[in-house]
Amino acid sequence: MTPDSATSATPVHTVRGACPHDCPDTCALLTTVENGVAVRVQGNPAHAHTGGVLCAKVSKYPERTYHPERILTPLKRSGPKGSGQFTPVGWDEALQDIAARLAQIAARDPEAIVPYSYAGTMGLVQGESMDRRFFHRLGASFLHRSICAEAGAEALRHTLGAKVGMKVEFFAESKLILIWGSNSITSNLHFWRYAQQAKRDGARLVCIDPRKSETAEKCHEHLQLLPGTDAALALALMHELIQNDWLDHDYLACYTLGWEPLRERALQWPPDRAAAVCGLPAEQIRQLARDYGSTRPAAIRVNYGVQRARGGGNAVRAIACLPALTGAWRERAGGVLLSCSSNFPVQRTALQRPDLLGARRPRTINMVTIGDDLLRPASAEFGPKIEALVVYNSNPVAVAPESAKVAQGFAREDLFTVVLEHFRTDTADHADYILPATTQLEHWDVHLAYGHTDVLLNRPAVAPLGQARSNTAIFRALAAQMGFDEPCFRDDDEALCRQAYGAQVDFEQLLDQGFATLPLPDAPFAQGGFPTPSGRCEFFSAALAAQGQDGLPDHLPNREAAGSSAAYPLAMISPPVRNFLNSTFVNVASLQKLEHRPLVEMHPRDAAARGIQDGSVVRVFNERGSYLCHAELTERARPGVVNALGLWWRKLGLAGTNVNQLTSQALTDMGAGPTFYDCRVQVAPGTAPEKLPIQ
Ligand SMILES: Nc1nc2c(c(=O)[nH]1)N[C@H]1C(S)=C(S)[C@@H](COP(=O)(O)OP(=O)(O)OC[C@H]3O[C@@H](n4cnc5c(=O)[nH]c(N)nc54)[C@H](O)[C@@H]3O)O[C@H]1N2
Ligand SMILES: Nc1nc2c(c(=O)[nH]1)N[C@H]1C(S)=C(S)[C@@H](COP(=O)(O)OP(=O)(O)OC[C@H]3O[C@@H](n4cnc5c(=O)[nH]c(N)nc54)[C@H](O)[C@@H]3O)O[C@H]1N2
Ligand code: SF4
Ligand SMILES: [Mo]
């Protein structure tokens, strides 16, 4: 049977959709529905990038959707803030009360209301349409949605001009692939398929990562550098390219800006200097430069792992410059890819309606510093104290840094908090109202991707469970309740899906096929044409210089580097485990079983020096707090660096915390992003609590 051809008379049918998760792969889904129940979610074999394969997590989407703990009615708080005590209420009562509370606060100052959302769904409709209209009309504070990718995004903007790069499929034709700050097998599985194809055809794979990740293990070479030292490595590679004249002089002359000053900067970074900074053998750096300078086509898959430290923006800039030195861009299998999302012609003005703001220009709250900001009093500089939060598509109490402060802020009795959720997350536990949201199987959406260049449509496969409503339906109802009577508050989800790309994408093709490939050139910068102000790859950025920054990429050492403090001598990174997606899926039994329990990976030498045994309970701590978990002694960790894999729910942690108890709210050099992987700690033997949350 053809997909989507369901009628109520058909007991079994399949429905085409899109994976909603914050993952570069944006897979095409095929959901099998039996008698109105989604029984299986698979990859759509017709979509080339998906290739009929999903990751283990999303294969469990039905288990998550029909989870016995799904929230299926609105809930109202019935105990102290944060106690997790709620009673079910009707939608009418919830909506009336919420609208009244928000109206009361808005009458004094709408900027005291803050929306808090991220990429629980990346859908353009359920993630950034009716919600934005609602908050624009209300005049609420803006949110800087910076918690993941802003340092890298800003770096690309100031180097290549936008989030653009190689087409992912052409990595399959590369002869050398640098996998830089990316655990592709965990976080970018469908890129890994292309890399495997290249490997089978003789390509060399090199991984650059402080952790010997699942991916690093499967590459030919692993440079296990210290966290936050990538710019030093990239500059040393440039040094070698210059010294050995592995340069494309014609490309440099025609298509780049600032070569002379960059050349001078790079000549200050001989491999011996970088080796000392990165904690690598100088010969390994020289060898990588030789490979990169003499292999064609050479491609770099850099990912967001490199930009979660103080100098993350500079690191991405330094890496993004490399293909212009060798002219790698001339071939379609050469260049660099971080994110390609700027290619998508999203009609954000139509979707989000900033005109509803009128003349108002609300302040902006940075989602990374929500811990501090919830605890700030009103001031001329800050504006009004935050009095209300509306959280959706995010779990800030678990994912935002320095969570002791985040939890303290969310526990304020005078804060009014509404959380749209599927589950009782750490954040939902702190709500005044929890509103039951639909999952991707229950609503319409349309998607972009940041790891390929296809638009995808998501059709609902089943009716909303219980009394769940889509985010859009909830914001439409709240708008009506608040008396917002502009016609745009009556657009239904299918209309919003059409508005997302307007005439830029053939919606009929999306309805027919489920996806549509953007018409883009194979080798976008073979002859320059970068979307920068100069049209060139900007080694020197006048825009950054005008902000008082260094106009050239440089190495900015971590604030909390390994060995920088006697009390907290270890550097800690906290990248995600394979079977969770940020804090999503942590409560899905089959996946939780695979990940077993919260842990920190330590090098056996670091453990021995502290009397720590494999599997024992340890206390990881610094000046911000303490986190209890199990030690895993393994050479996946390099000496001096520990890997506390994320992102467990706090309430499932041994002592009610997760790794963000330790991370800091300090911001990156560009984009005001988080510095999760710029964090120093000490580790000591710990004592298990009497009752373990997970057996
Ligand atoms: N299974 C799974 N997939 C996911 C996610 C998930 O939680 N689980 N999260 C999704 C999201 S939101 C994102 S943003 C992406 C994240 O995926 P990536 O963009 O790949 O980023 P990270 O996982 O943060 O880090 C990738 C690798 O960088 C390494 N790393 C840490 N610090 C440094 C450094 O200073 N330099 C270098 N060179 N490497 C460093 C880490 O050890 C890790 O192996 O993945 C998405 N996909
Ligand atoms: N220490 C440390 N901290 C990190 C990271 C790290 O590597 N280390 N990674 C960071 C990164 S890269 C990111 S992107 C952030 C991610 O942070 P978040 O974007 O908050 O991601 P999740 O933890 O997956 O939480 C998303 C929530 O949205 C809900 N949701 C999903 N779909 C819908 C929907 O349609 N409607 C509604 N209302 N809710 C929905 C899910 O149930 C889930 O609870 O975390 C960051 N925090
Ligand atoms: S999380 Fe990523 S790999 Fe898994 S199904 Fe979704 S898009 Fe594909
Ligand atoms: Mo992210």
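**Ligand surroundings and a domain interface**

A: Sorted by class, seven nonpolar residues, two polar residues and one charged residue make up the shell around ligand 3. Here Ala, Val, Leu, Ile, Met, Phe, Trp, Tyr, Cys and Pro count as nonpolar, Asp, Glu, Lys and Arg as charged, and the others, Gly among them, as polar. The model is predicted, so local features need pLDDT of at least 70 and side-chain atom pairs need 80 or more, while totals for chains, interfaces and linings use all residues. Residues are numbered from 1 along each chain as its sequence is written, chains are lettered from A and ligands numbered from 1 in the order in which they are written, and side-chain values use heavy atoms, without hydrogens and water.

The shell of ligand 3 includes Cys19, Cys23, Cys27 and Cys55, as well as His190 and Leu581; a residue is near a molecule if one of its heavy atoms lies within 4 Å of it.

Ligand 1 is surrounded by 31 residues, and Asp209, Asp230, Phe580, Asn582 and Tyr677 are the closest. The side chain of Tyr677 places a polar atom 2.6 Å from an oxygen atom of ligand 1. Nitrogen atoms of ligand 1 lie 2.9 Å from a polar backbone atom of Arg578 and 3.1 Å from an N or O atom in the side chain of Lys57.

The domain assignment, which is automatic or from a database, places domain 3 at 165-339 and domain 4 at 570-685. The centres of these two domains, taken over C-alpha atoms, are 27 Å apart. Their contact (heavy atoms within 4.5 Å) involves 25 residues of domain 3 and 22 residues of domain 4.

Between domain 3 and domain 4 about 1800 Å² is buried, 53% of it from carbon and sulfur atoms; buried area is the accessible area (1.4 Å probe) that two parts lose on being put together, summed over both. Of the area that domain 3 buries against domain 4, Arg211, Arg308 and Arg310 supply 34%, more than any other three residues.

Two salt bridges cross this interface of domain 3 and domain 4 (a side-chain nitrogen of Lys or Arg within 4 Å of a carboxyl oxygen of Asp or Glu). Arg211 also forms a salt bridge with Glu601, at 2.8 Å from N to O.

Methods
A polar contact is a pair of N or O atoms within 3.5 Å; within protein, one must be able to donate a hydrogen and the other to accept it, and residues adjacent in sequence count only if both atoms are side-chain atoms.
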